[in-house]
Amino acid sequence: MDALHGLLGFVFNTELLSQYGWRLLSGVRITAEVVLLSCSIGFVLAYPICRARMSRNLPLRSGAAGYIAVFRGTPLLCQLYLVYYGAGEVRPWLTGAGLWWFFRDAFYCCILAFSLNTAAYQAEILRGALGSVSRGQREAAAALGLSPYRVARHVVWPQAFLAALRPLGNELILVIKASALAAIVTLLDLMGQTRLIFARTFDFSVYLYAALIYLAATEGIRRLWNRMERAASKHVRQIEPLKAAHPAPPRGALPIVSAEAVPPG
Amino acid sequence: MSAAGLLFGPDGWGALLLKGALVTVALGLVTVPFGFGGGLVLAGLKLSRWRAVRGLSEAYTTFFRGIPDLLALFIVYFGLQSLLDHAQATLGLASRLELSAFVAGVIALSVVVAAYSGEVWVAALRTVPPGQVEAARSLGLDRKRAFFLVVLPQLGRVALPGLGNVWTVLLKDTSLISTLAVTDLLRAASEASKNTTRPILFYGAAAAIYLVFSIASNAGQAALERRANRGIA
């Protein structure tokens, strides 16, 4: 019993929570701000990048492909250092352009680096989703006389949205996890506060508390997304009960059509 | 000094960057057998007959996939160190037991990569029909041989694309080890830029080298997949 208590005391420490709990909470707020801002800005940037990537114009297409390859092929931490420390190198120029207030702040540097990074991933998600809508759908809608706007609004986007939903949720989870890098450039987000508390107390359990908070966020989003996907794909799944109501003919039964086929002429 | 002089000159930092790049590749390659192997073991546990084993292995995956990789590395790194300190106290050793940062980094990365690759292996294991194992067993192979001679050779082809993705993530995650005092590519770039106040040049160079690695990995992965799929549709 004593050993169990000792082990629990080693892993969890409630005194720590009463003393430093507010720090963790303020860290959660910063993390939430970073994630929500980066994801929304990234989404806005992703659409033009995706269109450029799918464009027929070669320079535009290869430019977008290059952007995506660079941001997906290098570590986010390296990109963050480039923005944060790189800004210091061109400080006179930034001051002249009236932009130094932005790059001086680790918070804005994180938002910029994370937005540019997630935009590359989200652009690929959108491209995949748009590509999953078959050409025939567009052609049929155009043949019915729908304007290009209506084809996009009523035919392509509703289907692409469904295909993009799950990967976008995964990307949101990835951004939450990646946002911990902000702590390395001195931002006091959840990870930053955790490191600070550990530096003061040398109490290992603070890392486990932080892990539980991150875990609650990512698991919560995963479950929320499962529900959203179920709700959004109702019309697709309703085919299943219909199939059950009209079971396939038993194997070996003669196909009805060919039995009654009449030779042409 | 010019950019070229800083990188390739006699007092340039190019050599340190190259050394760092080698450390990055070494971190990645040394982690692969432990991370991917651990993932395969984890996948086996997930398909276990015992509910408790299944639950524990699922909890492992949920935990390490649900928290930031940086936090996972810190937990493994500091957790290992405090375990070693406890061991030292209980054994009454005079000197502090310490892990080299490289070894600790490999262990921490393996723990995370095992969680990621476990999912890939589970999906691959499901594609091998149970009849194959039954047939192998009825031919007189024991369970171990049925797995290594019949199931495993078929897994590689199916698991390759997923493992390739995990490798790409791993290669980029090695940069997190730079925060634990291992002079990998990113840390070499940090040292060079602190000494020369040219961060854009050196972080840019590091990014270019990472990009070359990831392009080479993609080419390598495509070649491996072509080879694994030869003779199949």
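Reader: How many helices and strands are there in chain A?

Author: In this predicted model, chain A has 14 helices and zero strands. Read along the sequence, the pattern is α-α-α-α-α-α-α-α-α-α-α-α-α-α.

Reader: What makes a run of residues count as a helix?

Author: A helix is a DSSP run of H or I with at least four residues. Helix H12 of chain A covers 234-237, and a helix needs at least four residues, so this run qualifies.

Reader: Which residues form the positive surface patch?

Author: The patch is formed by Arg227(A), Arg230(A), Lys234(A) and Arg237(A). Helix H11 (205-232) and helix H12 (234-237) of chain A each supply at least two of its residues.

Reader: Why is Arg227(A) called exposed?

Author: Arg227(A), which lies in helix H11 of chain A, has a relative accessible area of 61%. Exposed means over 50%, and Arg227(A) at 61% is therefore exposed.

Reader: How much of chain A is buried?

Author: Of the 265 residues in chain A, 38% are buried.

Reader: What are the corresponding values for chain B?

Author: Chain B has 233 residues, of which 45% count as buried. It exposes about 11,900 Å², and carbon and sulfur atoms supply 65% of that area. Chain B has nine helices and zero strands, and its C-alpha atoms fill a box of roughly 75 × 55 × 30 Å along the principal axes.

Reader: Why is Phe78(B) called partly exposed?

Author: Phe78(B) is found in helix H4 (residues 69-91) of chain B, and its relative accessible area is 23%. Buried means under 20% and exposed means over 50%. The 23% of Phe78(B) falls in between, so the residue is partly exposed.

Reader: With which residues is Phe78(B) in contact, leaving aside its neighbours within four places in sequence?

Author: They are Phe198(A), Phe204(A) and Tyr207(A). Contact means heavy atoms within 4.5 Å.

Reader: How far apart are Phe78(B) and Val133(B)?

Author: They are 55 residues apart in sequence and 42 Å apart in space, taken from C-alpha to C-alpha.

Reader: Where do the charges of chain B lie on average, relative to each other?

Author: The mean positions of its 20 positive and 12 negative charges are 9 Å apart.

Notes:
Residues are numbered from 1 along each chain as its sequence is written. Chains are lettered from A and ligands numbered from 1 in the order in which they are written. This is a predicted model: local features need pLDDT of at least 70, side-chain atom pairs count only at pLDDT 80 or more; totals for chains, interfaces and linings use all residues. Side-chain values use heavy atoms; hydrogens and water are left out. Patches are made of residues with over 30% relative accessible area and no salt bridge: like charges are joined within 9 Å, nonpolar side chains (Val, Leu, Ile, Met, Phe, Trp, Tyr) within 5 Å. Accessible areas come from the Shrake-Rupley method with a 1.4 Å probe; for residues, only the protein chains shown count as cover. A salt bridge is a side-chain nitrogen of Lys or Arg within 4 Å of a carboxyl oxygen of Asp or Glu. Lys and Arg count as positive and Asp and Glu as negative; His and the chain ends are not counted. The place of a charge is taken as NZ of Lys, CZ of Arg, CG of Asp or CD of Glu. Buried means under 20% relative accessible area, exposed over 50%, partly exposed in between (1.4 Å probe, protein chains only).
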